[in-house]
Amino acid sequence: WVTTFMQVVASAFDILIINRYNIMWGIPDKWFYMFGDAIVGPAVMMFALMPAIVLISKLVPKGLEATTYALLAGFQNFGSVVSSQVGIWATGYAGIKTDEPCNFDNLSWLVAICHCLL
């Protein structure tokens, strides 16, 4: 539950920086970004995955450790590609535009929904 709580807090920092509350509080973007999901998220995710990796290493038959690790790494890479493509689709579906004229009106809602789905 500790890693879940840390992930929720990091996600909240993302929503706060999107809505520019950090500027109202006098905190620069660089400092606020450090506590967001881009920096804290991967570290917390590694801590959350550690028990599963240890359990899998204990359950794998002798001699298949490298094959199992390669298979898990392949699934992780595949998931990363799929998630980036789904993110591109969701950004377009939400009406967020980065070309002139830019439109970030629905960005905080999209980030909140995507964090809830994760």
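In the protein, 40% of the contacts with a separation of 6 or more are accounted for by residues 24 or more positions apart, where contact means heavy atoms within 4.5 Å. The structure is a predicted model, in which local features need pLDDT of at least 70 and side-chain atom pairs count only at pLDDT 80 or more, while totals for chains, interfaces and linings use all residues. Residues are numbered from 1 along each chain as its sequence is written, and side-chain values use heavy atoms, with hydrogens and water left out.

The protein has 6 helices and 0 strands, with helices (H or I, at least four residues) and strands (E, at least two) taken as DSSP runs and numbered from the N terminus. The radius of gyration of the protein, taken over C-alpha atoms, is 18 Å, well over the 13 Å that the globule rule (2.2 Å times the number of residues to the power 0.38) gives for 118 residues, so the protein is more spread out than a compact globule. Along the principal axes, the C-alpha atoms fill a box of roughly 55 × 30 × 20 Å. Of the 118 residues, 14% count as buried, a term that stands for under 20% relative accessible area, whereas exposed stands for over 50% and partly exposed for values in between (1.4 Å probe, protein chains only).

Helix H5 comprises 29 residues (residues 65–93), which should span 42 Å at 1.5 Å a residue, and its end C-alpha atoms are 42 Å apart, in agreement with this value; the expected span is 1.5 Å times one less than the number of residues. Just after H5, Gly95 takes a positive phi of about 80 degrees.

A search of the whole structure finds 4 aromatic pairs, for which rings of Phe, Tyr and Trp (its six-membered ring) must have centres within 6.5 Å, with planes under 30 degrees apart counted as stacked, over 60 as edge-to-face and the rest as tilted. One of these is the tilted pair of Phe13 and Phe32, at 4.9 Å centre to centre and 55 degrees between the planes. Because Phe13 lies in helix H1 (residues 2–18) and Phe32 in helix H3 (residues 29–33), the pair ties together parts that are 19 residues apart in sequence. Phe13 is partly exposed, with a relative accessible area of 22%, whereas Phe32 is buried, at 5%. Tyr21 and Trp25 form a stacked pair, at 6.0 Å centre to centre and 25 degrees between the planes. Tyr21 is partly exposed, with a relative accessible area of 34%, and Trp25 is exposed, at 52%. Phe13, Tyr21, Trp25 and Phe32 form one aromatic cluster.
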